[in-house]
Structures are given as structure tokens and as C-alpha cells.
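Hi,

Here is the structure I promised to pass on. Have a look at it first, and then read my notes below.

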Amino acid sequence: MIDDVHLAAWVAFLRAHAAVLRRLERELEAECDLPLTWYDVLVQLESAPNHRLRMQQLAKAVLLSKSRISRLVEAMDQAGLLRREACPEDKRGAEVVLTRQGVARLHTAAPTHLRGIQEHFGRHLTTPEAKTLAEALDRVGAALG
């Protein structure tokens, strides 16, 4: 059974996470006309080798279901931010590739997003608190694989 301290930490984490994400989403939409999920996809693709990921890799990286990532990729493809290509190793599979327009859109939106992270999250933590929080959450994530 979970004790009160750990349950309170869980509830505080959920509330803070939801509040910060809502604020970041609103700011990206208002200032950059870019949904937060699109931003996340662009970040994952930019950091991937050759700016490309298999569909299932991308879905796992952005924590979305296969059907949701398919719809998201289709919309972002139509917007010119990425494109789908046949996987060279497996012709049945598809890869998602970041376009130059996608890179430009990401770089335009990044200052807004990073400013929001600092304003709505980072400034409320001291450096030692941020380090402790990162270590604790990394430990939780590592334990779950």
C-alpha cells in the first residue's frame, strides 16, 4: 500500500505535469501555430540518425498509439514538415523523415517552448531540486524500462 507522502508526491507530479503541459501547448499554439505534439515529433526526428525514424519508433518516442501517430504524421506530411518513405531495409515498413521546412519550423518554435519550460517549470526549482527531481524521475523511468 502506498503511504501518504508518496501518494501526495504522485498527485503533485500529475497536477504539475498537466498544468505545465497545458500552458506550453497554449503558448506554442498562440505564438507559433504549432501543437505541442507536432513540436515533440519534430524534436524526435531532428535528434534521430539522418532525421528519420520508423513509424513504431516515433510512436514510442512521443508516447502515442499507432493509430494516433498515423493521423498525426499524415497531417504533418500535408503541412510539409515531414514525409513518409518506404523503409529501405523492409519495404513493408515506413519511415518518417524530417523536411527542411520541419527543421525551420522547429527552430522557430524552440525559443518559445524553451522559454515556457523555464518560466512555468524551471524557475520554480533550485538547481539542487532540479537535479534531485531529474535523478528521481530517471530512476522511476529506468525501473519501468
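A term to start with: two strands count as paired if DSSP finds at least two bridges between them. Helices (H or I, at least four residues) and strands (E, at least two) are DSSP runs, numbered from the N terminus.

Some ground rules: this is a predicted model, where local features need pLDDT of at least 70 and side-chain atom pairs count only at pLDDT 80 or more, while totals for chains, interfaces and linings use all residues. Residues are numbered from 1 along each chain as its sequence is written, and side-chain values use heavy atoms, with hydrogens and water left out.

Contact here means heavy atoms within 4.5 Å.

Strand 1 (residues 52-54) pairs with strand 3 over 3 bridges, and Leu-53 stands opposite Val-96 in strand 3. On the other pairing, 5 bridges join strand 2 (residues 82-86) to strand 3, with Glu-85 opposite Glu-95.

How many residues of strand 3 (residues 94-98) are buried? It's 5 of 5, where buried means under 20% relative accessible area, exposed over 50% and partly exposed in between (1.4 Å probe, protein chains only). Ala-94, Val-96 and Leu-98 point one way, and Glu-95 and Val-97 the other.

The helix pair

Helix 2 (residues 36-47) also packs with helix 5 (residues 100-120), at about 115° and with axes 10 Å apart. Among the residues that meet are Leu-36, Tyr-39 and Glu-46 in helix 2, and Arg-105, Leu-106 and His-113 in helix 5. The residues of this contact divide into 8 nonpolar, 3 polar and 2 charged.

One for your list is His-113, in helix 5. His-113 counts as buried because its relative accessibility is 11%. Leaving aside neighbours within four places in sequence, His-113 is in contact with Leu-24, Leu-28, Leu-36 and Tyr-39.

Cheers

Conventions
Axes fitted to C-alpha atoms, helices over the stretch in contact; angles between N-to-C directions. Nonpolar A, V, L, I, M, F, W, Y, C, P; charged D, E, K, R; others polar.
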